[in-house]
Amino acid sequence: DLRRHAENKVREKGRSDSLSDTDVMAICHELEVHQIELEMQNEELMRLQSELVASEEKYRDLYEFAPVGYFTLESSGQIREANLTGASLLGTERARLLNHRFQAHLARGSLQEFDAFCSRVMDSDEKQTAVFPLNGGERRGKAQDYFWVLVEARAIRDGIHHGFRMAVIDITERKHMEEEIKERLSLIHISEPTRPERISYAVFCLKKK
């Protein structure tokens, strides 16, 4: 088989049809070396392909099971991609999310603000951040009218897609803590005596002396 390839190679190069044994051996050796090189290159390609598949699976798992909801949206807000955490956050199966607008999950009164947010994202090269209330439902064993999320988004600038990637983080507990702190501060402010009251009290104490 190698001899036949060697003879064909010689003919392609325009050499004489009559080959010496030395020429044949030299060409066979060259072909053997070339065949081994191809086999080694094929093995290396297969190894790189296996590593690439393993790496892709690793990052796919990191994407799917991240503690943050990840979405890829069209500029209109239509959902193109979502990870499992994002689907769980919205309380909907992922298959039912795709090709539907994210705005459908906003709490009442937030639509205009979210549309303005989408416009800011698409008009900027910088990351945009905002806080929105989303429709609640049954969450952690409790019925809620809505819950709060922090949204971070950046426009996609790859020349092919026209949209943005968005991370969604549940900050409901943080919002509740902030509201509780504000309420306690307001109570402290109400109970604190005014300046005239403090003066009157000081005068009363002096008279007692």
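Trainee: What should I know before I start?

Mentor: The model is predicted, so local features need pLDDT of at least 70 and side-chain atom pairs count only at pLDDT 80 or more, while totals for chains, interfaces and linings use all residues. Residues are numbered from 1 along each chain as its sequence is written, and side-chain values use heavy atoms, with hydrogens and water left out.

Trainee: How many helices and strands does the protein have?

Mentor: Helices (H or I, at least four residues) and strands (E, at least two) are DSSP runs, numbered from the N terminus. Here you get 7 helices and 5 strands, in the order α-α-β-β-α-α-α-β-β-β-α-α.

Trainee: Is Gln128 buried or exposed?

Mentor: Buried means under 20% relative accessible area, exposed over 50%, partly exposed in between (1.4 Å probe, protein chains only). Gln128 sits in strand E3 and counts as buried because its relative accessible area is 16%. Across the 209 residues of the protein, 27% are buried.

Trainee: Which side chain does the side chain of Gln128 make a polar contact with?

Mentor: A polar contact is a pair of N or O atoms within 3.5 Å; within protein, one must be able to donate a hydrogen and the other to accept it, and residues adjacent in sequence count only if both atoms are side-chain atoms. For Gln128, the partner is the side chain of Ser124, at 3.3 Å.

Trainee: And what is Phe71 in contact with, leaving aside its neighbours within four places in sequence?

Mentor: Contact means heavy atoms within 4.5 Å. With those neighbours set aside, the contacts of Phe71 include Ile79, Leu90, Phe102 and Met166.
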